[in-house]
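Look at the sequence and the structure below before reading on.

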Amino acid sequence: MARTSLRKKLAALAATGVMALGTGVLAASPAEAAVACPYEYYCAYPQPGFGGDPIMIWRCDDVRYVPWSGTNGSWINNQTPGTRARFIFAGGSSAYTYGAYSSVSSGVNWSTVYHIDPC
């Protein structure tokens, strides 16, 4: 089995990144496909393992509609310590998530959540 030097790997990675900037497309393996959740954000993902195109919320007054009907989503609460997001259900009832930093990597039933209030 041939070994590739670290320098060659980094050069290939840099070239891929430059090509991606020019085309707007970057292929990634499923493990690399997860979109990172920046600090001070609440991020909801339609798929388990933080996969898919997320809803990323930063401002407390930015309540977002949840467009997904899947039952195996995930979320990351990467807001300032202790901040809790609130899920708003049909009929107006709601439930709070765990305080930041926390995450749930699978099993989130988005079909019951209508809106997310990040804090």
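S3 and S8 run antiparallel and are joined by 2 bridges. Two strands count as paired if DSSP finds at least two bridges between them. Strands (E, at least two residues) are DSSP runs, numbered from the N terminus. This is a predicted model: local features need pLDDT of at least 70, side-chain atom pairs count only at pLDDT 80 or more, and totals for chains, interfaces and linings use all residues. Residues are numbered from 1 along each chain as its sequence is written, and side-chain values use heavy atoms, with hydrogens and water left out.

**The sheet**

- Arg 64 stands opposite Ile 116, which lies in S8.
- S3 and S8 belong to an open sheet of 4 strands, with the order S3-S8-S5-S6 and antiparallel pairing.
- The edges of this sheet are S3 and strand S6 (94–96), each of which pairs on one side only.

**The disulfides**

- A disulfide is a covalent bond between the sulfur atoms of two cysteines.
- In this model, a disulfide is taken as a pair of cysteine sulfur atoms within 2.5 Å.
- A search of the whole structure finds 2 disulfides.
- Counting bonded cysteines along the chain, the pattern is 1-2, 3-4.

**Cys 37 and Cys 43**

- Cys 37 is joined to Cys 43 by a disulfide, with an S to S distance of 2.1 Å.
- The link of Cys 37 and Cys 43 is right-handed, with 85 degrees about the S-S bond.
- Cys 37 and Cys 43 are both buried; buried means under 20% relative accessible area, exposed over 50%, and partly exposed in between (1.4 Å probe, protein chains only).

**Cys 60 and Cys 119**

- The sulfur atoms of Cys 60 and Cys 119 are 1.8 Å apart and form a disulfide.
- The link of Cys 60 and Cys 119 is left-handed, with -115 degrees about the S-S bond.
- This pair links distant parts of the chain, 59 residues apart: Cys 60 is in the loop between strand S2 (55–57) and strand S3 (64–65), and Cys 119 is in the segment after strand S8 (113–117).
- Cys 60 counts as partly exposed because its relative accessibility is 45%.
- Cys 119 has a relative accessible area of 29%, so Cys 119 is partly exposed.

**Confidence**

- The mean pLDDT (the predictor's confidence in each residue, from 0 to 100) of the protein chain is 80, and 72% of its residues reach 70 or more.
- Over residues 1–32 the pLDDT is below 50.

Notes
Contact = heavy atoms within 4.5 Å.
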